[in-house]
Amino acid sequence: MRRYILFSLILSSLLLTSCASDRPVMIVKETAHDYEKLALEHYNSGDFENAIKNFEKALEENRKVSNLPGISSDLYNLARCYINFGLYDNAQKLLEEAQEINTVSEDKSRLADCYLLLATIRIRKKEYDEALRLLEKSYSLYQDDKNKKGTANALNNMGSIYIKKGDYETAQQNIESAVS
């Protein structure tokens, strides 16, 4: 009987402790989400400076609770901001960190998003062959994840590069595949 009471006390103590520690995690995640929403509003209005400030706050909150999807999303969005400022090296470092997280968590669509954004950097630098290589990786990951929108986006971007390279036939094939 004593063992049963002791076991019950320990079990209930553990349950209360875990419930108490879960609540702050949820609050931190909600706070991070609120910062991210605010940052996206700034980003969508072209206010990249304030977007960066709020994405950084969201990232800080997500890191506190090791929220990997949140961390990955914040890194990706910060990279988008840096690209708009032409800070390609900064963006690439953030995307590489996001890639590591998405590889470990096996999130193919988010990993493909990173490759797509890395390709955007290469396109802006006029490194079209490297951009195509990244887009092909992105395309493959989107296909594996059955992400039709992402697949179409990758194909469309490949088509745009082939236009820049003067290969109009391949460009047309990619763009037609994207819209079908």
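**Reading salt bridges and exposure**

Guide: Let's start with Glu 97, which counts as partly exposed at 28% relative accessibility. The model is predicted, so local features need pLDDT of at least 70, side-chain atom pairs count only at pLDDT 80 or more, and totals for chains, interfaces and linings use all residues. Residues are numbered from 1 along each chain as its sequence is written, and side-chain values use heavy atoms, leaving out hydrogens and water.

Visitor: What does partly exposed mean for Glu 97?

Guide: Buried is under 20% relative accessible area, exposed is over 50%, and partly exposed lies in between (1.4 Å probe, protein chains only). Glu 97 has 28%, and Arg 63, at 40%, is partly exposed too.

Visitor: How many salt bridges does the structure hold?

Guide: A salt bridge is a side-chain nitrogen of Lys or Arg within 4 Å of a carboxyl oxygen of Asp or Glu. The structure holds six. One of them joins Glu 97 to Arg 63, with the closest N and O atoms 3.0 Å apart. This pair links distant parts of the chain: Glu 97 sits in helix H4 (residues 88-104) and Arg 63 in helix H2, 34 residues apart. Helices here are DSSP runs (H or I, at least four residues), numbered from the N terminus.

Visitor: Which residue does Lys 64 form a salt bridge with?

Guide: Glu 61, with the closest N and O atoms 2.9 Å apart. Both are in helix H2 (residues 48-64), and because they are three residues apart, about one helical turn separates them. Lys 64 is exposed at 54%, whereas Glu 61 is buried at 12%.

Visitor: How far apart are the closest N and O atoms of Asp 107 and Arg 110?

Guide: In that salt bridge, 3.2 Å. Asp 107 is partly exposed at 26%, and Arg 110 is partly exposed at 30%.

Methods. Helices (H or I, at least four residues) and strands (E, at least two) are DSSP runs, numbered from the N terminus.
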